[in-house]
Amino acid sequence: MTGLLPFVADLPLVDHHCHGVVTEDVARAGFEAMLTEADTTSPLGTSLFDSLIGLSVRERCAPVLDLPKHAPADAYLARRAELGAAEVARRFLRGTGTTDFLLDGGFLPDALTTTPEFGVLAAARVHDVVRLEQVAEAVLPGTTAEGFAAAFADELGKRAATAVGFKSIAAYRVGLDLNPERPTAGEVAAAAGRWLRTGNVRLADEVLHRHLVWTGLDLGLPVQFHVGYGDSDVDLHRCDPLLLTGLLRATRDRGVPILLLHNYPFHRNAAYLAQVFEHVFADVGLSTHNAGFRAPAILAELLELAPFGKVLFSTDAFGLAELYHLGTALFRQGLSDFVRAALAADRMSEVDAVRLCALVGHENAKRIYRLEHA
Amino acid sequence: MTGLLPFVADLPLVDHHCHGVVTEDVARAGFEAMLTEADTTSPLGTSLFDSLIGLSVRERCAPVLDLPKHAPADAYLARRAELGAAEVARRFLRGTGTTDFLLDGGFLPDALTTTPEFGVLAAARVHDVVRLEQVAEAVLPGTTAEGFAAAFADELGKRAATAVGFKSIAAYRVGLDLNPERPTAGEVAAAAGRWLRTGNVRLADEVLHRHLVWTGLDLGLPVQFHVGYGDSDVDLHRCDPLLLTGLLRATRDRGVPILLLHNYPFHRNAAYLAQVFEHVFADVGLSTHNAGFRAPAILAELLELAPFGKVLFSTDAFGLAELYHLGTALFRQGLSDFVRAALAADRMSEVDAVRLCALVGHENAKRIYRLEHA
Amino acid sequence: MTGLLPFVADLPLVDHHCHGVVTEDVARAGFEAMLTEADTTSPLGTSLFDSLIGLSVRERCAPVLDLPKHAPADAYLARRAELGAAEVARRFLRGTGTTDFLLDGGFLPDALTTTPEFGVLAAARVHDVVRLEQVAEAVLPGTTAEGFAAAFADELGKRAATAVGFKSIAAYRVGLDLNPERPTAGEVAAAAGRWLRTGNVRLADEVLHRHLVWTGLDLGLPVQFHVGYGDSDVDLHRCDPLLLTGLLRATRDRGVPILLLHNYPFHRNAAYLAQVFEHVFADVGLSTHNAGFRAPAILAELLELAPFGKVLFSTDAFGLAELYHLGTALFRQGLSDFVRAALAADRMSEVDAVRLCALVGHENAKRIYRLEHA
């Protein structure tokens, strides 16, 4: 009952949203700090290994490092150090069965592998997803209020030439309650002027986050949105995907995919949007590895309303090599549990089950990101 | 494990909220457009048969049309065309085991059967639910700002004579964050004046939607509210039933039932309201058929807090005859799974199980809508 | 499958949030009025025994009163009356396996046992949790606008000497969308002045509820917040724990635990907060007994993101002795089901399972409330 169906175990995956990996060795405190969305452990609580993801590391990652299942945390970390971070990364990344990784390199790039380095470690195809805000923040110092829009469009166009998609982190900066309308040139210039005058390169302006998204849509590449679950910088109640409803309605006739990332605990809301808007897609990355053996329950909730042609796979793994492995293994578990129960009750045929898994595992991503041409 | 308990299979049902059926043949594009809350398919996605409801059509509807379970979509639609829409409707509607259908005929009436036509097709009792906004929109052109309230009350009173309930679609027009207080005569006249001056017959005014509800309550018939899940016209974040809390508090002493329809993904919120407000009732129609084999999970969540005397059955089926069949079959499945698991664990007696099913399946609806006297 | 794992059945529990018990006999109407969060039954609905909690009373409480499982409600209440409320209370309280009860005596104290009386009935250790608003309301009549802050701090300091924690009911009075910043002395005096001028001793002022919390934090005792599910006085949409995000961010460096009580149906949101904020803890009390045999599903959702070092046990039982028994028994059931399924699938070791249960059952509470020193 707990193993994977063969066609799920062998399913090639496209991880349509993840980040680079840390190649330096990390001690226990550093490991725990990267394990969940908590910044650190605290004397008020206990180890972050006391969690579903902590149990999953010991269950599912320990054997990859030649340890028995459920090895204690300290033994696990000692073995990890003994093998070295590079070997650990190779083992975990190459064991995922992922053919293509789409990497958002926009967060803490100095601490992580670059996209080409990641490709070598993982022995897989890699593709760039360009973080809109990172480009804007790079462009700002060399431009003016009136020149910002053109400078940003120009630079984004250059970055688009070697990328497969864009990503917005409006959720982290201003929340998702974005005005549906495209800002006018005057509004953009005024907002850029305000931003320049702050002297702070960090973008947090509703008009500009929105402008970035529309500029991305002009270029025709899929636009990813961080939605829902993240670290303590997020105001989670401002990150419900339903807050994007107006913008989704305003952009539906452009034929450019919009991808709602993560979504937990609003994944049923995201599934609704994926059903009713032609250009909207959703995943449950990040919560998949954090929820450990509960991941299948979350995926099943997403699939209540989301058409199978609108659901994608991602890990949102960041930093720790274990997270790519867990995100992938737990996604496979969720998919296998879902179709296995349906097959057992004769709710779908095996042909249907294989098709569902192929769509969600890689076909949707290949179609949306045009990976055959990338 | 997947079959129905006998007393659930044989349970007479009252479908307290549905719509008419399309009696014209539909081609594949038209069928998919009516299958879910999506307006249409899109080249960005895949067929809407790639969904839990799509699988359920092929699993549960195909045999009713003499096809094997899991027949391919094209074969299914070919057989459907061969039988003709009227025969298809008869088969699906008469097989539901529904004794009484409560029909909201207020949306796209020209495309659907009338209530009497539906009764003949279904060979069942039919009852009218009057859409408040439809009556207001019909009354408006022949009245004045000052005359609107009286004209509406008069016309609604006439419609009430042959109806068993009212329905508000405030959710679709202004959301559910309605002011709890009854609007004054002056406020209603002012709002009607504004509406008349727009020259647009479509009502979307918080004061007036609220006034319609209070007028309905005056007449003593149960008032249904669209809540939650619907098509892309809905701003779903404005349709959380909790937004009605103030209005529910203000109306609880009137002794008139208020029925929260659909509710997904806010069905746990609706269950809370059904527990703490004497006059509030809830269902999970619409999501029941859309979620296919996940429907039992949704019903179970509703039943966490909602007393069994406050839960009703509806399909919210519209247009496609399959939806009445699926909404009913999946509701029975959910109810059967729920009580079967409880019986297996000795969490309730069989007497309790039978009582629960009778309440939810038909007794609550008969009591609330006074169907024995209808 | 439905029994408890031995180490869960024997697990000592700390109930970190409950209230006193009624020691007078209650008739059926009074019993139903205390059974759920509904104020009363209604002729529109049916008996509140028609609910998951009603079934659980008849399943799990009847045998404690020497009746067969599933005894009818009237037979149950007759036997209850025959034994008398005091004997009923003794049986239910002493059978919980709870070593320590933390009692919030601030609501309807005249109708309930005092903390010492409760200790005798339960034959267990008891500890006081002081309701911040009750102290403020007691202090108000004897002070002035300018004197309020000092008078409150002084009185709360006295109460803290014999208490283990504080509780805020801001949720019930103004909702949880509290300004993150500590109010200034001038703001507090101005708000106290407004309050004094109302002539109404009932506190409902955002500035003052917030001030009470900060004063409690100054004293270093854990601060509990009512969150989510409650009776019909709650505006549940204003009680999402995510609304506290700003305040939690502002208080995280003080090292004082904040405990989010109840949380349903926002328990996944609470779990997120417990993961990302070092000082935040969560439980699913109140919904545990109300949801009857669905309680395990709710606990499992909480544990998706909440680290095991951040989850506590409470019943939130109030008035009816049955609720302590049910809250405890259903929590044990949920915990047992959770770890049993994980053990069966080899998702954790038995050592892990025992540790998880000990943390959640009593260790976290003992550490946070420093009960070894209480």
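A residue is called buried when its relative accessible area is under 20%, exposed when that area is over 50%, and partly exposed in between (1.4 Å probe, protein chains only). Keep that in mind for the tour that follows. This is a predicted model, in which local features need pLDDT of at least 70, side-chain atom pairs count only at pLDDT 80 or more, and totals for chains, interfaces and linings use all residues. Residues are numbered from 1 along each chain as its sequence is written, chains are lettered from A and ligands numbered from 1 in the order in which they are written, and side-chain values use heavy atoms, with hydrogens and water left out.

Start with how the chains are arranged. Two copies of a chain are related by a rotation about an axis and a shift along it. (Superposition is by least squares on the C-alpha atoms of residues with pLDDT of at least 70 in both copies; contact means heavy atoms within 4.5 Å.)

Now look at where chain B meets chain A. The contact joins 42 residues of chain B to 39 residues of chain A. Together the two chains bury about 3,300 Å², with 57% of it on carbon and sulfur atoms. Buried area is the accessible area (1.4 Å probe) that two parts lose on being put together, summed over both. On the chain B side, Leu44(B), Asp50(B) and Phe293(B) supply 19% of the area buried against chain A, more than any other three residues. Chain B and chain A also share eight salt bridges. A salt bridge needs a side-chain nitrogen of Lys or Arg within 4 Å of a carboxyl oxygen of Asp or Glu. One of them joins Arg268(A) to Glu301(B), at 2.9 Å from N to O.

Zoom in on Ala38(B). It sits in the loop between helix H2 (28–35) and helix H3 (52–61) of chain B. Helices (H or I, at least four residues) and strands (E, at least two) are DSSP runs, numbered from the N terminus. Ala38(B) counts as buried because its relative accessibility is 3%. Beyond its neighbours within four places in sequence, Ala38(B) touches Gln275(A), Val276(A), Ala33(B) and Leu48(B).

Move on to chain C and chain B. This contact takes 42 residues from chain C and 38 residues from chain B. About 3,300 Å² is buried between them. Eight salt bridges are counted here, including the one between Arg355(B) and Asp50(C), whose closest N and O atoms are 2.7 Å apart.

Aromatic rings come next. The structure holds 33 aromatic pairs over all chains. Rings of Phe, Tyr and Trp (its six-membered ring) pair if their centres lie within 6.5 Å; planes under 30 degrees apart count as stacked, over 60 as edge-to-face and the rest as tilted. Tyr272(B) and Tyr229(C) are edge-to-face, because their ring centres are 6.0 Å apart and their planes stand at 90 degrees. This pair crosses between chains, from helix H13 (residues 267–276) of chain B to the loop between strand S5 (223–227) and helix H12 (245–251) of chain C. Both Tyr272(B) and Tyr229(C) are buried. In chain A, Phe31(A), Phe49(A) and Tyr76(A) form one aromatic cluster.
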